Amino acid sequence: MDIPRHWRLKKQRYALVGEVCEHCDAKLFPPRDICPECGEEAKTLFQFSGKGEVYSYTAVYEAPEGYAEQAPYTLAMVKLDEGPLITAQLTDLGAQKPAIGMPVEMVTRLLRSATDERGMLIYGYKFRPAVAQVA
Amino acid sequence: MSKVIIAGIGQTPVNEQWDVSLRELGLQAIEAAMQDAGGLRPTALYVGNMLAGTLSRQAHLGALLADFAGLIGIEAATIEAAGASAAMALRVGMLAVASGQVDAALVLGVEKLSDQVPAQVESALAMGSDTDYEAEQGLTLTAQAAMIAQRYMHEYKVPEYGLAGFPLTAHANGAHNPNAMFRKAVKPETYAKAGMVSAPLNMFDVAPNADGAAALLLTRADLLPSGFPHPLVEIAGSSAVTDTLALHDRPDPLTFNAARLSVERACAQAGILPKDVDLFELFDAFSIYSALSLEAAGFSPKGEGWKWAQDGAISLTGELPISTLGGLKARGFPGGATGAYQAVEAVLQLRGQAGGAQVKNAKTALVQSLGGPASTAVTHVLRITG
């Protein structure tokens with residue numbers, strides 16, 4: 001169930017809210033409160049644009065518990081335009097093959113299905129090919 | 001300070017052991033190690049385990065196993081560091097014995113992965129990653145390794161099958177190990193035809209999950225029983241280092257920085273350079289890990305570790321034998337117990353007891369275990385001592 005745990009992460013999951021370090025201007029996602037670049041405190045919220053490009057990717061066939069309905073799915077590491085690298089699924093690929101360097105943008109999708117009848121549906125960020133490229 | 005000696009070793013076969021419980025697995029390895037040590041009795045037990053709480057609904061393994069092994073009264077606790085759990089337990093055992101507070105420390109790696117279905121095991125293993133920001137996106141350790149491999153092969157222009165030599169070597173070596181899960185050499189054409197698990201990793205690039213337990217009994221040289229029957233193997237260097245938990249938080253996800261630092265520190269303690277070792281038991285949970293571990297240990301420049309997989313350089317008779325008793329790939333991957341197997345296998349090599357997999361004149365071994373993609377790296381230098 002973990003309701004409070006998922007509730008605490010809603011800003012990150014739904015809106016890619018991370019932090020900016022006021023000392024060295026590093027943009028941080030996920031938020032971590034101590035800047036890994038300069039070691040100073042970093043607690044100022046920062047909204048990421050959701051734009052980025054694919055750093056690497058793979059296909060998942062043997063999905064963990066709660067992800068079987070989505071399998072096979074494409075998992076990626078996405079380099080956000082503001083700097084951080086994050087782990088997320090690619091979605092809405094259609095006939096497009098994923099590729100290193102592919103421009104992508106954030107969308108909100110179902111991350112994980114309920115694992116029992118009282119379980120929660122978890123929503124959060126995934127990335128799709130950037131719309132400009134699709135059109 | 002008196003040297004810390006590995007006086008006894010024991011292991012169970014690595015496999016899916018449906019008829020053996022977690023505690024029975026542990027007991028088999030403990031009894032074998034105590035017998036091997038000539039009856040030396042431990043005064044402490046450090047258990048390396050990652051997933052008993054999740055997959056067996058059993059915590060408190062220290063008390064469980066001390067009790068079940070007839071050792072009630074001794075100090076005992078679990079040490080957890082994902083895939084490096086048992087290697088970290090070995091380090092804790094070494095520190096305890098070296099400190100003088102503990103005379104004989106039993107280090108047990110034990111893991112039971114086969115009681116649950118694969119989807120649950122994958123979920124449980126992924127708990128060693130950043131649950132909130134990696135596992136919750138549907139990440140498995142295999143998919144993560146595949147993404148490392150994909151980027152690595154792209155950046156360094158590695159040819160298709162460029163990593164094949166790692167699993168092929170492991171399988172050739174595992175054929176000589178009676179405790180290995182797979183004891184059969186694999187042909188290059190079999191590798192090339194294997195089904196993809198997560199591209200570019202095929203089924204031979206991924207170590208198989210399995211059950212197993214291995215144990216080492218440590219003591220100080222001056223406390224060894226008289227007439228001790230084996231050549232003495234000492235722990236000459238030991239280092240544990242952490243990196244970012246999440247792979248995506250690293251400046252360069254293709255560098256195992258913790259692995260590099262722990263090799264440097266363990267070798268410095270032993271007064272050697274990595275090139276002085278006779279074999280390297282590295283953590284080949286995935287073929288790409290072997291390449292990155294060789295680079296981290298300084299055996300290759302960055303981006304060239306995969307070249308070791310060519311031309312037999314890592315075979316038993318090569319320049320740097322690795323995965324000598326099958327590695328994780330052919331011996332099998334018993335989760336957090338793995339580090340104990342690696343150390344036990346290195347001791348067999350140094351004692352000259354490795355049978356058909358024996359590396360000639362092996363005097364010094366480098367042994368490294370990783371938690372996740374080297375989010376934790378634990379390295380030991382083991383060597384024959386006078």
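Guide: Let us begin with one pair of residues: B:L279 stands opposite B:A365 in β10(B). The model is a predicted one.

Visitor: Which strand is joined to β10(B) by three bridges, and in which sense do the two run?

Guide: Strand β9 of chain B, residues 279-281, is joined to β10(B) by three bridges, and the two run parallel. The pair B:L279 and B:A365 belongs to this part of the picture.

Visitor: How many bridges join β10(B) to β11(B)?

Guide: Eight bridges join them, and here the strands run antiparallel. β11(B) covers residues 376-384. As a point of reference, B:V367 is opposite B:H380 of β11(B).

Visitor: What do β10(B) and β11(B) form, and how many residues lie between them?

Guide: They form a hairpin, with four residues between the strands. In the turn, B:G372 has a positive phi of about 60°.

Visitor: How many residues of β10(B) are buried?

Guide: The cut-off used is under 20% relative accessible area. On that reading, eight of the eight residues of β10(B), residues 364-371, are buried. Both faces of the strand are covered. One side carries B:T364, B:L366, B:Q368 and B:L370, and the other carries B:A365, B:V367, B:S369 and B:G371.

Visitor: With which residues is B:D36 in contact, leaving aside its neighbours within four places in sequence?

Guide: The contacts of B:D36 are with B:A7, B:G8, B:I9, B:P229, B:H230 and B:R351.

Visitor: May we turn to chain A? What does its secondary structure come to?

Guide: Chain A has three helices and eight strands. Read from the N terminus, the order of its elements is α-α-β-β-β-β-β-β-β-β-α. Its C-alpha trace spans about 45 × 40 × 25 Å along the principal axes. Among its 135 residues, 45% are buried. Of the contacts in chain A with a separation of 6 or more, 51% come from residues 24 or more positions apart.

Visitor: Which strands of chain A pair with β4(A)?

Guide: β4(A) pairs with β5(A), residues 73-80, in the antiparallel sense over eight bridges. In that pairing A:Y57 is opposite A:A76. Three bridges join β4(A) to β7(A), residues 103-112, also antiparallel, and A:K51 there faces A:E105. β4(A) itself, residues 51-60, is mostly covered, with seven of its 10 residues buried.

Visitor: How is the size of an interface often given?

Guide: It is often given as the accessible area lost when the parts come together. Here, chain B and chain A bury about 2,800 Å² between them, 54% of it on carbon and sulfur atoms. In chain B, the residues that lose the most area to chain A are B:Y133, B:E136 and B:Q137, which together make up 27% of what that side buries. Counted by contact, 30 residues of chain B meet 35 residues of chain A.

Visitor: How many salt bridges are counted between chain B and chain A?

Guide: The count is five. The side chains of B:E136 and A:R5 meet in a salt bridge, at 3.0 Å from N to O. Across the interface there are also 19 residue pairs in polar contact.

Visitor: Which elements of chain B give two or more residues to the side that touches chain A?

Guide: They are α5, α6 and β5 of chain B. α6(B) supplies the largest share, seven residues. By residue class, this side of chain B divides into 12 nonpolar, 10 polar and eight charged residues.

Technical notes:
Residues are numbered from 1 along each chain as its sequence is written. Chains are lettered from A and ligands numbered from 1 in the order in which they are written. This is a predicted model: local features need pLDDT of at least 70, side-chain atom pairs count only at pLDDT 80 or more; totals for chains, interfaces and linings use all residues. Side-chain values use heavy atoms; hydrogens and water are left out. Contact means heavy atoms within 4.5 Å. Buried area is the accessible area (1.4 Å probe) that two parts lose on being put together, summed over both. A salt bridge is a side-chain nitrogen of Lys or Arg within 4 Å of a carboxyl oxygen of Asp or Glu. A polar contact is a pair of N or O atoms within 3.5 Å; within protein, one must be able to donate a hydrogen and the other to accept it, and residues adjacent in sequence count only if both atoms are side-chain atoms. Ala, Val, Leu, Ile, Met, Phe, Trp, Tyr, Cys and Pro count as nonpolar, Asp, Glu, Lys and Arg as charged, and the others, Gly among them, as polar. Buried means under 20% relative accessible area, exposed over 50%, partly exposed in between (1.4 Å probe, protein chains only). Two strands pair if DSSP finds at least two bridges between them.
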